[in-house]
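Subject: Structure handover and notes

Hello,

Here is the structure you were waiting for.

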Amino acid sequence: MQLFFDELNKMTLGEEVNRLFHGRGGLYPGAEHICLDWYPPVLLLTSFKPLEPDTLDKSVELIKQRWHVLKGSELINLVYQYRSGGRTQTDLIEGSVPDKHTVLENSAQYHVHLLKGQNHGLFLDMKNGRQWVREHAQGKKVLNLFSYTCAFSVAALQGGCDSVVNIDMSKGALSIGKQNHLLNGFTAGARFFGHDIFKSWGKLTKLGPYEMIIADPPSNQKGSFVATKDYSRLLKRLPELLTPDGEVLLCLNAPELSIDFLMKQVEEFSPILEFVEQLANPSVFVDISKDKALKVLKYRRKNT
């Protein structure tokens, strides 16, 4: 943990949501289980294994010391979450969390919720993916699969897309997604479907074809998507939803599955797609193994 304690002395706090310490990247031996995030005005300390009481106390004390260097007498807001598998324990250590908590990323606002669940409404490691969509969505019809709280959709509309279709099994996540659109001043241009993607090909086909498709599925969520068996099902159908020159952003956040796994899936089940590039993750999410980090691969439909 000493490496984590040392890095706290370099911590800075800006106006935007950000990861401050990424132990899971493996670059800080002894602190691989620790992450620290800034969801203004709240700090979130996450551990993926139990912390001894004295270790937690020391972590909190050093975080508070750095806070006071940066923020003076301003009161700290600090949440601690321990998570392991399906188990999650979240505690408000000090201060408070806004009832309606919104954060800023690249001029977009998003609702987040730190005190419930493992997913907080915005995946910080996908920042570059959202930026890529924002930069390439101009005039395009976009399909946002596994849309969660629709951050990609907000980015696409910011980038001037023609329209975007969001689909996700979770109606609760889509409800937050609708709020995110309103938060950013978008009252039109997006549609929301709380459906099982694998049972909705007819509807998606009717609304298509699309110049841009984003697929950011959960890696292992029973009843929704398990990458080892469901990515092939998805890839078999994607080309029929694409325009002849359409682009696809394929995402995989499963440390146990390599880049090669995803690329071979595409080769086997969507050979009409050709690889273009892999998007870099934000620098703070650097990992000793590119295969363990978030994988975001850009493909386009081949000219035939």
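This is a predicted model: local features need pLDDT of at least 70, side-chain atom pairs count only at pLDDT 80 or more; totals for chains, interfaces and linings use all residues.

Residues are numbered from 1 along each chain as its sequence is written, and side-chain values use heavy atoms, with hydrogens and water left out.

Cysteines

The structure holds zero disulfides, a disulfide being a pair of cysteine sulfur atoms within 2.5 Å. Cysteine 150 is in no disulfide, and its nearest cysteine sulfur, in cysteine 161, is 12 Å away. Seen from cysteine 161, the closest cysteine sulfur is that of cysteine 150, and 12 Å is too far for a bond. Cysteine 150 is buried at 0% relative accessibility, and cysteine 161 is buried at 10%. Here buried means under 20% relative accessible area, exposed means over 50%, and partly exposed is in between (1.4 Å probe, protein chains only).

Salt bridges

The model has eleven salt bridges. The term covers a side-chain nitrogen of Lys or Arg within 4 Å of a carboxyl oxygen of Asp or Glu. Three of them are described here.

Glutamate 7 pairs with lysine 10 in a salt bridge whose closest N and O atoms are 3.0 Å apart. Glutamate 7 is partly exposed at 22% relative accessibility, while lysine 10 is exposed at 56%.

Aspartate 230 and arginine 233 form a salt bridge with an N to O distance of 3.0 Å. Both residues lie in helix H7 (residues 227-237), three residues apart, or about one turn of the helix. Helices (H or I, at least four residues) and strands (E, at least two) are DSSP runs, numbered from the N terminus. Aspartate 230 is buried, with a relative accessible area of 3%, whereas arginine 233 is partly exposed at 38%.

Glutamate 247 and lysine 298 form a salt bridge with their closest N and O atoms 3.3 Å apart. This pair links distant parts of the chain, with glutamate 247 in strand E14 (residues 242-252) and lysine 298 in strand E16 (residues 295-301), 51 residues apart. Glutamate 247 is buried at 10% relative accessibility, and lysine 298 is buried at 7%. Salt bridges with shared partners join Lys140, Glu247, Glu277 and Lys298 into one network.

Strand E2

Strand E2 (residues 34-39) has six of its six residues buried, so it is largely enclosed by the rest of the structure. From E2, Ile34, Leu36 and Trp38 point one way and Cys35, Asp37 and Tyr39 the other way.

E2 pairs with strand E1 (residues 18-22) in the antiparallel sense over four bridges; two strands pair if DSSP finds at least two bridges between them. Histidine 22 has cysteine 35 of E2 as its bridge partner. E2 also pairs with strand E3 (residues 42-47), again antiparallel, over six bridges. There the bridge partner of cysteine 35 is threonine 46 in E3. A hairpin of two residues joins E2 to E3.

Helices H3 and H4

Two packed helices are described by the angle between their axes and the distance between the axes. For helix H3 (residues 127-136) and helix H4 (residues 151-158), the axes come within 7 Å and cross at roughly 35°. Axes are lines fitted to C-alpha atoms, for helices over the stretch in contact, and angles run from 0 to 180 degrees between N-to-C directions. The contact is made by Gly129, Arg130, Val133 and Arg134 of H3 and by Ala151, Phe152, Ala155, Ala156 and Gln158 of H4. Contact means heavy atoms within 4.5 Å.

H4 is mostly covered, with seven of its eight residues buried. Among them are Phe152, Val154 and Leu157. Just after H4, glycine 160 takes a positive phi of about 85°.

Threonine 243

Threonine 243 lies in strand E14 and is buried, at 8% relative accessibility. Threonine 243 and tyrosine 210 are 33 residues apart in sequence, but their C-alpha atoms are 5.6 Å apart in space. Leaving aside neighbours within four places in sequence, threonine 243 is in contact with Pro209, Tyr210, Glu211 and Arg301.

Regards
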